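Q: I have a structure open on my screen and I'd like to learn how to read it. Can you walk me through some features?

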Amino acid sequence: MTLQVISARPLFGRAFFPFLFLAFFLLCVFPRWNDAGPFQMGEPTRPAWTTSNLKGSPDAPLPLTLVPAFPQLKFHDPMHVRWQADLKRYFVCELGGKIWSFPHDGQSTAADLAIDLKASLKSFDSARSGGVDSLFSMVFDPDFAHNRFVYLCFVLSNKTGKPMQDGSRLSRFRVTEDTPPKIDIASELPIITWLGGGHNGCDMAFDKEGYLYFSAGDAADPSPPDSLKTGQDLTDLLASILRIDVRQATADRPYRIPADNPFREHPNARPEIWAFGFRNPWRITIDPPTGQMWLGDVGWEKWELIHRVGRGGNYGWSIREGHELLQPDVPVGPAPISPTRIAISHSDAASITGGFVYRGEALPAIQGQYLFGDWITGRVWSVPLDDTSPHREIASGQLRIIAFSPDRDGEPLVVNHFNGTSLFRLAKNAEYATELANMQSFPRMLSQTGVFRDVRLQTGSEGVRDFFVNEPMWQDGATSKYFIALPQTQKATIFNEPQPVGSVAMFNSRLHYPSGTVFAKTLSMPAPHGHDASNSAHKIETQLLHFDGRLWHGYSYVWNQEQTDAELAPAGGIELTLPGSAKQRWRVHSRTECMQCHNPWPETTLAFTPEQLHQPDKGNDSQWLSLVRDGYIETLNAQRQPIDPLKCVSRPLRSTKGVSKSDSTAGSLDSKARSYLHANCAHCHQAGAGAAVDLSLKITDSDQALKAIGVAPI
């Protein structure tokens, strides 16, 4: 600290000097709180945690990895890539309406602009539309060598704030013979339009007969589901896959309806419809050898879906979300609901991206399988083309996977919807041997993890801190003991407002952790009669939540009867019968089930939040403030400046232990009820987190935001 000399003239007599010295001493020694946050002389010291053995995964390593394809070429919000064999060039379209092209020589350091739709296209009604808003996809005509046609699917903005009836648009353009080629803006032929909205679909594919298929979503916002009630309604183009013949025009439209379209003769149905019952079909493909159509359908609250689409098929939205019944009162459309090929839980994926059937030669392990991925987690899966084989994860990377497309050799190109390296390839995992070694050495016993100095006594290792929560979950009679382990002397960073997690993350969170962070929770029951009286609790399992720097992983260790150690549970979980006369059954959750609750929407670490840690009635002895003082937590604002830790606490939870009607002081019953709902229900019951009910039970929600008071149940 530096003192500034204001004047050489003393302001007070000598008798004031001791008080001035005391004030100066206190200012230097104790934290100073102001608008900029806490000021501390020196960093708080805490023991370093150096004993972690949690590296890699107990599961087999992934066979493939994602590597940059053209690292010198970067695009702004890329959406799709297509190889054009006749021009021997790749074309990349961007969300903002630009399309670029470049050759496959690997030498290009810059791409050539083919068209800028937003700047040039004026064929819409300017009184209603503000122009091109988003470009979603492109596809070349199968007869491109002769007609040089390319089809673009895009969405128009509007000036009214309401969705435009013709806001989603499929148009044909012609590619010039210039070098490099251009897309002629004046050649546009609008072919078909449909309602623009939250889910537009807007992908295209040709079959071997030359018919064009395109996708349309339900044009709705996420909640409530299918608000336009169009999923099972064939009177519009929404929530459907459409099929048209763009080679032939009729007197009233620039395309023809194929004679074998399934609903051509159905009363009031749009004859373009090929299949229906989709929410937001994101990326469609037709496998040339089999003619099969595959697509990824972005799910609502719980499931991400892969469909193998047949002629006239009904895929359930919004009666079902995948295999699960959602709105049974919705009338079924003019076809029975076909089964979903794959339904992936939101613990594994959150925004599915359909791919294509791989027919290349470089990756024989997935030859003849359908590839798809996830925009949120960056994971990639493959699945055989039969009816029953399970899908398997084959690669994972920190990407926003927005599209897949075969390159000139049929090898996969993966489009990363991020403003960095845009195009990636799937390649054999060069780290497979190292990851296999990590798998084989992954701790199978809790005592081997390095989290505990004495696992039997549940004493944390040096640097591991135990903590408690204001309101524990209901656990069928069990009690919990919690621990946090932060690598070395690193801190958890808690912001007063949610901030992006990771370099390409969709999710924002207040809670940010260093790579290698571990949370542990040991669940115990009262010791059954006849057991060691010196140990009053019988430990059942210890759950670990491990952050590898990109993703969180959940593991459970099951305690032995001797209560000396715990063994890693199988990946699929296990059923136990607890000792004692009651023969109580206990479910040790699978690793996937762990992440259904510990999902990104409630900020993953359910126990370690300001609301669970702060006790206002304890003043400076609050556990929350103690963790900050001791160097386990730093509290920052959006500009990454230190702030008062209390500015990060919105509304602390209050314990419901011993609650009664007599506890009627100034809203305390309401607060405790809200605390119970937050701890037990809010991790699923909030927007996007997996519960198929339009309900939000976070302690921070207003009474109106709960959607539970004075609202008819659904």
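This is a predicted model: local features need pLDDT of at least 70, side-chain atom pairs count only at pLDDT 80 or more; totals for chains, interfaces and linings use all residues.

Q: How many helices and strands does the protein chain have?

A: Helices (H or I, at least four residues) and strands (E, at least two) are DSSP runs, numbered from the N terminus. Here the protein chain has 9 helices and 41 strands.

Q: In what order do the strands of the open sheet run?

A: Two strands pair if DSSP finds at least two bridges between them. The order is E4-E5-E6-E7, with antiparallel pairing. Strands E4 (78-84) and E7 (112-116) are the edges, each pairing on one side only. E5 (residues 89-94) and E6 (residues 98-103) share 5 bridges, and Cys93 has Ile99 in E6 as its bridge partner.

Q: What lines the largest cavity?

A: Rolling a probe the size of a water molecule over the atoms shows where empty space is left. On a 1 Å grid over the protein atoms alone, a cavity is a set of points where a 1.4 Å probe fits but cannot get out; lining residues have an atom within 4 Å of a point. The lining includes Tyr555, His589 and Cys594. Strand E37 (552-559) gives the largest share, 3 residues, and helix H5 (591-597) supplies at least two.

Definitions and conventions:
Residues are numbered from 1 along each chain as its sequence is written. Side-chain values use heavy atoms; hydrogens and water are left out. On a 1 Å grid over the protein atoms alone, a cavity is a set of points where a 1.4 Å probe fits but cannot get out, and a pocket is an open set with protein on both sides within 12 Å along at least five of seven lines; lining residues have an atom within 4 Å of a point.
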